[in-house]
Amino acid sequence: MNKIAVLTSGGDAPGMNAAIRAVVRYGIGVGMEVFGVERGFQGLINDAFIPMTMRSVSDIIQRGGTILKTARCLEFKTEEGQQKAIENLKKHGVEGLIVIGGDGSFMGAKALTDRGFPSIGIPGTIDNDLAYTDFTLGFDTACNTILDAINKIRDTMSSHERVSIIEVMGRNCGDLALYCGLCGGAEVIVVPEHPMSIDEIIKCLGCNGENNKTSGIIVLAEGAGRASELKEELLKRTDLAVKSTVLGYQQRGGSPSYRDRFLGTCFGVHAVKLLAMGVGNRIVGIKENRIYDMDIIQGCAMKKKFDLDLYKMAQVVSR
Ligand code: ADP
Ligand code: F6P
């Protein structure tokens with residue numbers, strides 16, 4: 001392939017810029033022309049193609065967000081939208097596309113592949129909700145951001161002998177809550193994959209019982225409920241001083257961690273190598289510390305397994 005394009009789609013994630021940089025520089029390095037497409041699939045439809053140079057991606061590896069912007073595009077779900085996108089790709093002579101995004105964006109890449117346009121997916125989402133890869137781009141940075149918040153909130157909860165509920169993102173996936181709860185020493189982790197009754201939550205807090213804790217942290221995955229509602233329940237049922245914080249969009253921004261810069265770079269180079277061999281229809285990931293790729297349809301059909309052992313371990317070590 002001589003001409004390829006790259007876009008970012010869906011929710012942004014720290015490390016997307018590292019991946020764009022790697023695609024552009026590695027692609028140009030092996031003799032390709034590389035286009036950046038602005039605003040995800042919307043940019044394919046609106047013809048927002050930018051010829052990229054080595055310098056277009058200077059000074060971005062350390063930046064959160066995505067220099068190509070991102071969007072959610074309903075029109076791309078229609079046949080007409082997809083046809084317009086392919087016409088524009090062909091107009092620029094582009095022969096292969098790299099899509100950086102989550103499972104929704106991968107469905108878009110699959111739709112293009114089904115129409116005979118080779119596309120490769122790179123997993124970019126803080127949610128870590130894709131089964132075929134151990135980690136997605138952005139998850140590590142988001143975990144560090146959440147841990148920083150947990151540490152700060154714990155300081156003040158501890159001084160005032162209060163309990164704090166911290167609601168984190170993740171859509172229907174509890175990984176952000178699980179990993180950050182474990183590493184932040186949360187007394188309770190509430191995730192959609194392993195529902196907990198209010199009585200269990202109160203027992204795990206250990207404030208009124210055998211463990212003599214005087215303060216505590218509950219990390220609540222957004223997919224398992226609202227912090228404000230859980231707070232009301234706890235205030236009704238206990239005499240604890242309960243506070244709540246919704247961490248919100250700060251979890252999606254910030255300078256990417258070492259790990260996300262590393263993953264973004266490796267994923268980007270791997271994706272270009274596939275297109276250079278004329279291979280499409282694949283998604284790139286990391287399994288047991290090895291960068292690999294697999295069939296887009298098989299990968300998207302895999303069901304993510306919740307790590308119950310890790311969850312139980314977190315419960316034991318937080319008592
Ligand atoms: P994410 O990629 O983070 O999961 P979304 O689920 O919002 O984010 O999907 C991002 C975009 O991918 C959508 O706005 C749409 O343009 C495209 N997309 C999602 N599902 C499909 C589909 N079934 N067919 C074609 N395009 C899709
Ligand atoms: O998928 C990433 C994510 O940040 C989720 O954790 C969250 O539920 C969602 O995106 C928020 O999306 P929006 O940008 O539409 O508010």
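Glutamate 161 sits in the loop that links α5 to β6 (163–168). Its phi is positive, at about 55 degrees, though the residue is not a glycine. Most residues other than glycine have a negative phi.

This is a predicted model, in which local features need pLDDT of at least 70, side-chain atom pairs count only at pLDDT 80 or more, and totals for chains, interfaces and linings use all residues. Residues are numbered from 1 along each chain as its sequence is written, chains are lettered from A and ligands numbered from 1 in the order in which they are written, and side-chain values use heavy atoms, with hydrogens and water left out.

**Another positive phi**
- Arginine 171 also has a positive phi, near 55 degrees, and is not a glycine.
- Arginine 171 belongs to the loop between β6 and α6 (175–183).
- Arginine 171 is partly exposed, with a relative accessible area of 46%. Partly exposed means between buried (under 20% relative accessible area) and exposed (over 50%), using a 1.4 Å probe and protein chains only.

**Threonine 133**
- Threonine 133 lies in the loop between β5 (119–123) and α5 (139–160).
- Threonine 133 is buried, at 1% relative accessible area.
- A polar atom of its side chain lies 2.9 Å from the backbone oxygen of phenylalanine 135.
- The side chain of threonine 133 also reaches the backbone nitrogen of isoleucine 286, at 2.9 Å.
- Beyond its neighbours within four places in sequence, threonine 133 is in contact (heavy atoms within 4.5 Å) with Pro123, Gly285 and Ile286.

**Overall build**
- The protein has 11 helices and 11 strands. These are DSSP runs numbered from the N terminus: helices are H or I of at least four residues, strands E of at least two.
- The radius of gyration, taken over C-alpha atoms, is 22 Å, close to the 20 Å that the globule rule gives for 319 residues, so the protein is as compact as a globular protein of that length. The rule is 2.2 Å times the number of residues to the power 0.38.
- The C-alpha trace spans about 70 × 35 × 35 Å along its principal axes.
- Of contacts between residues at least 6 apart in sequence, 73% join residues at least 24 apart.

**Surface and charge**
- Buried residues make up 52% of the 319 residues.
- The accessible surface comes to about 14000 Å², and 49% of it belongs to carbon and sulfur atoms. Areas come from the Shrake-Rupley method with a 1.4 Å probe.
- There are 37 positive and 37 negative side chains, and the centres of the two sets lie 3 Å apart. Lys and Arg count as positive, Asp and Glu as negative; His and the chain ends are not counted.

Notes: The place of a charge is taken as NZ of Lys, CZ of Arg, CG of Asp or CD of Glu. A polar contact is a pair of N or O atoms within 3.5 Å; within protein, one must be able to donate a hydrogen and the other to accept it, and residues adjacent in sequence count only if both atoms are side-chain atoms.
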